[in-house]
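The sequence and the model are shown first, and the description follows.

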Amino acid sequence: MNLPQALSVVVYDDLEDLSAAVAQRIAQIGAWALGEHGMFRIALAGGDTPRRCYELLQGASIDWKRVEVYFGDERCLPRGDVGRNDRMAYDTLLGHIGVSPANVHAIQAERGARIAAQEYAALLREVLPLDLVLLGVGEDGHTASLFPANPATEQDEIAVPVFNAPKFPPERVSLGMNTLNAARNKLFLVSGAAKRTALRQIAQGMALPAGRVAGAEWHIERSALPDEILSKD
């Protein structure tokens with residue numbers, strides 16, 4: 001499948017194969033980062049697709065004591081809410097490995113989008129570019145919490161407040177588009193038939209937020225491919 005700005009596209013038969021391959025790739029990038037500058041800085045994605053990958057990462061050969069964890073976006077919900085991305089990451093990965101709590105940098109989204117974005121930008125300013133950003137794609141082509149036609153998607157700040165998001169909750173915090181593009185490595189994880197339309201539109205050159213992330217590796221479950229691609233197999 002041709003995605004105009006992609007570094008590479010790999011298609012997998014099912015989510016298990018995708019998750020295992022991405023977990024291995026994360027470990028490879030982590031080893032490279034540790035060799036380059038002694039620390040591996042990764043921004044985790046939310047949503048359902050990364051869950052299995054995070055579970056598999058529990059057994060990966062990664063020196064978690066030298067990993068700093070950030071988040072690509074967060075929903076403005078109370079701390080510990082099951083709808084938060086940091087809660088999902090803790091339940092599936094962070095609560096099961098030897099990463100120092102001081103090295104897990106949650107977005108304080110419970111403080112409100114504007115304040116939390118300012119604080120996260122200040123935190124990130126000293127460590128950019130990130131070694132790796134994990135990303136997903138929404139049915140409308142959004143990535144992190146950068147939605148089509150939302151003003152936050154066009155802002156230049158390191159982290160941006162998001163208002164009036166089309167999905168609950170409407171108030172969020174996201175890494176800015178420039179921050180995503182500046183990351184040394186970007187990996188998309190895409191699964192499910194609901195993503196077919198967005199992938200078709202990105203392949204056709206529509207400037208959806210996910211398609212504007214340049215030089216990313218796209219790891220796609222076969223069920224997410226548009227019908228016209230599947231019919232050629």
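## Pocket, strands and charged pairs

The largest pocket has a volume of about 560 Å³. A pocket here is an open set of points on a 1 Å grid over the protein atoms alone, where a 1.4 Å probe fits and protein lies on both sides within 12 Å along at least five of seven lines. Its volume is the space filled by probe spheres set on the points, which are joined across faces, edges and corners. The model is a predicted one, in which local features need pLDDT of at least 70 and side-chain atom pairs count only at pLDDT 80 or more, whereas totals for chains, interfaces and linings use all residues. Residues are numbered from 1 along each chain as its sequence is written, and side-chain values use heavy atoms, with hydrogens and water left out.

The lining of the largest pocket comprises 31 residues, and Gly46, Gly47, Asp48, Arg75 and Lys167 lie nearest the centre; a lining residue has an atom within 4 Å of a point. At least two lining residues come from each of strand 4 (73-75), helix 3 and strand 5. Helices (H or I, at least four residues) and strands (E, at least two) are DSSP runs, numbered from the N terminus.

### Strand 5 and its partners

Strand 5 covers residues 132-135; Leu132 and Leu134 point one way, Val133 and Leu135 point the other way, and all are buried. Buried means under 20% relative accessible area, exposed means over 50%, and partly exposed lies in between (1.4 Å probe, protein chains only). Strand 5 pairs in the parallel sense with strand 2 (residues 40-44) over two bridges and with strand 8 over three bridges; pairing requires that DSSP find at least two bridges between the strands. Valine 133 takes part on both sides, as the bridge partner of alanine 43 and of lysine 186 in strand 8.

Asparagine 185 sits in the loop between helix 5 (177-182) and strand 8 (186-190) and is buried, at 15% relative accessibility. Apart from residues up to four places away in sequence, asparagine 185 touches Arg25, Ile29, Trp32, Asp131, Leu132 and Val133, where contact means heavy atoms within 4.5 Å.

### Salt bridges

Side chains of opposite charge can pair when their charged atoms come close. A salt bridge is counted when a side-chain nitrogen of Lys or Arg is within 4 Å of a carboxyl oxygen of Asp or Glu, and the count comes to 15. Three of these pairs are tabulated here.

| Glutamate 16 | Arginine 52 | 3.0 Å |

The salt bridge between glutamate 16 and arginine 52 ties together parts that are 36 residues apart in sequence, because glutamate 16 lies in helix 1 (residues 15-37) and arginine 52 in helix 2 (residues 51-57). Glutamate 16 is partly exposed at 38% relative accessibility, as is arginine 52 at 30%.

Glutamate 68 is buried, at 14% relative accessibility. Glutamate 68 is also among the contacts of asparagine 103, a residue in the loop between helix 3 (85-92) and helix 4.

Aspartate 131 is buried at 0% relative accessibility, whereas arginine 184 is partly exposed at 40%. Elsewhere, Glu74, Arg84, Asp86 and Glu110 are linked in a network of salt bridges.

### Backbone features and cysteines

Proline 129, in the loop between helix 4 and strand 5, is joined to leucine 128 by a cis peptide bond with omega about 0°. A cis peptide bond also joins phenylalanine 168 and proline 169, with omega about -10°.

The whole structure contains zero disulfides, a disulfide being a pair of cysteine sulfur atoms within 2.5 Å. Cysteine 53 is buried at 0% relative accessibility, and cysteine 76 is buried at 18%.
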